[in-house]
Each structure stands twice: as C-alpha cells, then as structure tokens.
Protein chains: 2
Amino acid sequence: MSDQGLVIVMSAPSGAGKSSICRRLLAACPEIEFSVSYTSRTPRPNEINGKDYHFISREDFQRRIGQDEFVEWVENYGNFYGTSGKSMNEVLNRGKDLLLDIEPRGAKEIKKKFKDGIFVFVLPPSLDELLHRLEKRGHESAEAIKTRFAQAEGELKEVLWYDYAVFNEDLETAARQLIAIYRAEKCRTNRLQSKINCFFNDVNRDV
Amino acid sequence: MSDQGLVIVMSAPSGAGKSSICRRLLAACPEIEFSVSYTSRTPRPNEINGKDYHFISREDFQRRIGQDEFVEWVENYGNFYGTSGKSMNEVLNRGKDLLLDIEPRGAKEIKKKFKDGIFVFVLPPSLDELLHRLEKRGHESAEAIKTRFAQAEGELKEVLWYDYAVFNEDLETAARQLIAIYRAEKCRTNRLQSKINCFFNDVNRDV
C-alpha cells in the first residue's frame, strides 16, 4: 500500500521570485508534478497552454464554476484563476506529490480541503527589492506595477498562517531551502505510516 | 532580537547508525552544537572525555541528580546517562541550535520541557540488518549483543511519537534527510518571528 501524495502549496507576492524557486524544486525532484491552473486571462508571449496554464475563455471558466469543478478559484485583475479538484485528486491518488503555485486566497481554500498539505510563502529580501524586481520585468505599465506593488504589500501579511517562510535573498539558497522542506516533510512519521507498518510486519515475521 | 536556539533530538536503537548520521549533520551545519551527556560508564578506547561524554563517577552522578542538575537521566545496563539542563539553556540562550543524541526514555523527558524541539528517530533498513551491524562492531560479547538486540526491538516502536523517521538504508541519503529536516525546521514560520517582524517593521518605515 502506498501513501497518498503530498500537496505543496507555494505563494508569494508578484516579484518575490516564486516561479524560479518552483522550477528548481521540480528539476531537483522529478517525482513532483506541477498543478497547472486554469485561467481566463490572455497568455503572455512566453507562456504555453497546458504547461503554464490551461487557457480557457471566460464563458468556459464560468461554466466550470457552475459544475463545481474548481477546488479554489479567484477573480484577479478581471481574470479568473482556478485549480481543478479532479486533476489534483487524480495525481494524489497515484501516490505522486503535487506542487501548486497559487495566491493566498486560493491557498486558504486548498488548506480547508487538503489539511495535510504544506504551505510555503516566499518573501522578497525587502520591499525596496520587491519594487525593483517588478520594475525590471519590463512587460507592464508603471500603473500596473504600482497596483501589483500595493497588492503585494497586502499579501505579505498572509505569511503568518503559512507553515514555512522562505526569504528569497539568493535564488540558490531559497531553492535549497524549498527542496529541504519537501524532503523533510517526506520524512514525517505521520507520512511514513505504510513504510513503518511494513517494517513492523517484518519484525513480527522474523522473530 | 534573535530567536532562541532549536533543540534537535536524535534517537535510534543501537546499531541503526545514528552516530554517523549525527556527525554528518554537525559537519554540514557548524552552527549546531552537540550536547555532551554525562555518564558514569567507563569510556571505550576511542572515546574522549568532554567530547563523547563527560565521564564522571557514580557518586558524582548521584550527587548531581540530588541537585536536580539533569533535565533527563536514565540508568541503562547499570550505568547512568544524563543531560545537563543548565548546559542546554546556556547554548539555546545564545541563539545556537543544539543536537542531542539520547535514547527514547530520555527524549520523552526532553519533549516535556522543550516542546518546540524536533524529534528524529533513525531506523535500520530491517531487523536482520540491525543484528548484522551489532555483530560487526566486534567490541561486545554475544550475550551483550543479544541483550542490545532485544532492547532495540522494544525501542523501535517508539518511532511512532517522533516527528520524523529516517531509514538508514544508505548513510549519505540518511544524512541528507537529516540535514533537510534541520534546514526545513529553520524555515518554519513560527521560528522566524523575529525575522518576519523586522521585515514588517521595514515595510512600515518605507511606506
């Protein structure tokens, strides 16, 4: 009997560097699958449908909301974002671990339904550095950056209910911390029940 | 303001390879100090007083028990083993982390007094392998090995109340898991209160 997969939820304000850290985790731990969210927003030039997001129309999104398909969904900057509960359970029931990259509002919904999940918040080294990173991206207007920055400030306080906080002062260190968090959680006694049971069964057989 | 140090308690039945794994953790993380226990037993040829144990007489040990010096102590195979609470607090109040290598009975006492500590149990890959490792040591009689093996079997079930379990199938992997557990615990939000408070104070100042 194999245990059910582990849910890892990552959140961060825009510009904290969460995506880069997540990519490092996935590269280091190929046994983790990435949960691809659904969104009604337009793909950015470098984004691939089915990999970065499942890009669908507003109408399609609203129809799926009606069918209770999403374990969490939000409307943000006028666009819908959501996570398919069916897709999540399909991965977890195969015993695979699942990484979710979602904002705090969505993460809170996931926490209600996946109580055993781990919740990691990525923080920038400082607010100054966060603003600097948002400006460097170059694909948004000054107004959009200002809005994102204001929202980021509000989101930062959400760190307090997360299990873990990773300060992204340096990408390598932050990625190493996230990988450590994942590996450590896999060693939690309550997640190793099957393996421990097997060990004790062997004890009884041998003695 | 710096947070208080973290207590890491390691337990394992004899022969599970705990000492080798602990050495790897200390080598990888020099910021951790090792808690040197007191014992009334005779040093083994390779053991150094003040490094492996503080070797003291039975009389001295009993006097210290009377002075309530030990946060935990046990009598095992006719010898006393104990951890000095005063020494522990001295390290933790300096904000340093502290590794303890003690048996489950002692670990349970530590857990009562240091509720925020982390408790890691090292398991051998199997009982057969454990017996094999005990025999390979070569410095004990067949009778002593038999006694240790019987005690190990009893101790194994203690794994269930520990936070983490590390199966020592391979030393490198087991050591990497322990290091990951330590690094992950350092990222726990509840252990980063000072750093998070500083971050928020900077937010208030900057805005």
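Me: What share of contacts in chain A between residues at least 6 apart in sequence join residues at least 24 apart?
Reply: The share is 70%, where two residues are in contact if their C-beta atoms, placed from the backbone, lie within 7 Å. This is a predicted model: local features need pLDDT of at least 70, side-chain atom pairs count only at pLDDT 80 or more, and totals for chains, interfaces and linings use all residues. Residues are numbered from 1 along each chain as its sequence is written, while chains are lettered from A and ligands numbered from 1 in the order in which they are written.

Me: How many helices and strands has chain A?
Reply: Chain A has 8 helices and 9 strands; these are DSSP runs numbered from the N terminus, helices (H or I) of at least four residues and strands (E) of at least two.

Me: In what order do the strands of the open sheet in chain A run?
Reply: The order of the 5 strands is E2-E7-E1-E8-E9, with parallel pairing; strands pair if DSSP finds at least two bridges between them.

Me: And which are the edge strands?
Reply: They are E2 (32-34) and E9 (164-167) of chain A, each pairing on one side only.

Me: How many bridges join E1 to E8 in chain A?
Reply: E1 (residues 7-11) and E8 (residues 118-123) of chain A are joined by 4 bridges. Met10(A) stands opposite Val120(A) in E8(A).

Me: Changing topic, how many residues of chain B are in contact with chain A?
Reply: In chain B, 27 residues are in contact with 27 residues of chain A.
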